[in-house]
Amino acid sequence: MTTTTGTGSGTSYGTDWGAWQRSWDRQQEWYMPDREERFRVMLDMVEALVGPEPRVLDLACGTGSITSRLFARFPNAVSTGVDLDPALLTIAEGTFEGDRRVTFVTADLTDPDWPTQLPYDAYDAVLTATALHWLHSEPLAALYGQVAELVRDGGVFMNADHMIDETTPRINAAERAHRHAGMEQAKANGIVDWAEWWQLAAQDPVLAAPTARRFEIYGEHADGDMPSPAWHARVLREKGFAEARPVWCSPSDTLLLAVK
């Protein structure tokens, strides 16, 4: 097994896919300490609305974080993971190698034809987390229209992400200052942030090439518009969902649920 040592942590990474998954989780939890609570509520709503054996589209799946938790809770679920990031997909494919419940698809969500690459025409649930904030409002609205066509009648779409209400600037500023103070303390205690995590990936003999391709595709990290929960709910209804509203929120993030 090819490995390389993560700086400052003493942990070996490489083709130990479990180690890479854990390192990704820790890095993401630095930004979102309540990340697991979001996943729990997301799967609660999947079970409540479409049952314990869903066919799921893990949209912008990354390393397969949602799929991993989906299978742990619903062993008879089926998942399709879609992403464009070659490094994160390498980790996902390594993690789930041989698991016939999941299929991974490389696709650009801004390409109008990406749904044609999916193995199924319809899904019980389309789930995504901390991924679509890099899209600006117009392409995100177009994506929501495509998602509405993929969700079966009675099925669900859920997006857990940063959603900013610009009508509350003082609340937003106070929340951000408090959150970043906690993040700085955690950083001082040795947490690896997003940029450092990618530096580790670039040093790994297995992930170095897909990481280089990843930065050719995306460049440096950039955010989209991050509109409010009300915007998301309104657009989802306009695109074909019957109901849409938040079902969980933190001071900075929202889990928004739409039912077809």
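Predicted model: local features only at pLDDT ≥ 70, side-chain atom pairs only at ≥ 80, totals over all residues.
Me: How many helices and strands are in the chain?
Reply: Start with the rule. Helices (H or I, at least four residues) and strands (E, at least two) are DSSP runs, numbered from the N terminus. This chain has nine helices and nine strands. The chain is as compact as a globular protein of its length, because its radius of gyration is 18 Å, close to the 18 Å that the globule rule gives for 260 residues. That radius is taken over C-alpha atoms, and the globule rule is 2.2 Å times the number of residues to the power 0.38. Along its principal axes, the C-alpha trace spans about 50 × 50 × 35 Å.

Me: What percentage of the residues is buried?
Reply: First, the cut-offs. Buried means under 20% relative accessible area, exposed over 50%, and partly exposed in between (1.4 Å probe, protein chains only). Here, buried residues make up 50% of the 260 residues.

Me: How do I read contacts in the chain?
Reply: Contact means heavy atoms within 4.5 Å. Take contacts between residues at least 6 apart in sequence: 70% of them join residues at least 24 apart.

Me: Show me one residue with its contacts. What does Ala60 touch?
Reply: Ala60 sits in the loop between strand S3 (55–59) and helix H3 (65–73). Its relative accessibility is 15%, so Ala60 counts as buried. Leave aside neighbours within four places in sequence. Ala60 is then in contact with Val82, Asp83, Leu109, Thr128, Ala131 and Leu132. Ala60 and Leu89 are 29 residues apart along the chain, and their C-alpha atoms are separated by 9.8 Å.

Me: Which residues does Glu175 touch?
Reply: Glu175 is in helix H6 (residues 169–188). Glu175 counts as buried, at 16% relative accessibility. Not counting residues up to four places away in sequence, Glu175 touches Pro251 and Ser252. In sequence, Glu175 and Pro251 are 76 residues apart; in space, their C-alpha atoms are 6.5 Å apart.

Me: How is a pair of aromatic rings described?
Reply: Two values describe such a pair: the distance of the centres and the angle of the planes. Rings of Phe, Tyr and Trp (its six-membered ring) pair if their centres lie within 6.5 Å. Planes under 30 degrees apart count as stacked, over 60 as edge-to-face, and the rest as tilted. The structure holds 13 aromatic pairs.

Me: Where in the chain do Trp134 and Tyr218 lie?
Reply: The pair links distant parts of the chain, 84 residues apart. Trp134 is in the loop between strand S6 (123–129) and helix H5 (137–150), and Tyr218 is in helix H8 (residues 208–218). Trp134 is partly exposed, with a relative accessible area of 29%. Tyr218 is partly exposed too, with a relative accessible area of 29%.

Me: What about Trp197 and Trp198: stacked or edge-to-face?
Reply: Their ring centres are 5.0 Å apart and their planes are at 85°, so the pair is edge-to-face. Both Trp197 and Trp198 are buried. Ring pairs link Trp20, Trp24, Trp194, Trp197, Trp198 and Phe215 into a cluster.

Me: Which residues of helix H9 are buried?
Reply: H9 covers residues 229–238, and its buried residues are Pro229, Trp231, His232, Ala233, Val235 and Leu236. What covers them includes H5, strand S7 (151–162), strand S8 (243–249) and strand S9 (253–259). After H9 comes Gly240, with a positive phi near 125°.

Me: Which phi value does Thr130 have?
Reply: Thr130 has a positive phi of about 50°, although it is not a glycine. Thr130 lies in the loop between S6 and H5. Thr130 counts as buried, at 18% relative accessibility. Now look at Met226, in the loop between H8 and H9. Met226 is not a glycine, yet has a positive phi of about 50°. At 19% relative accessibility, Met226 counts as buried.

Conventions: Residues numbered from 1 in each chain as written. Heavy atoms only, no water.
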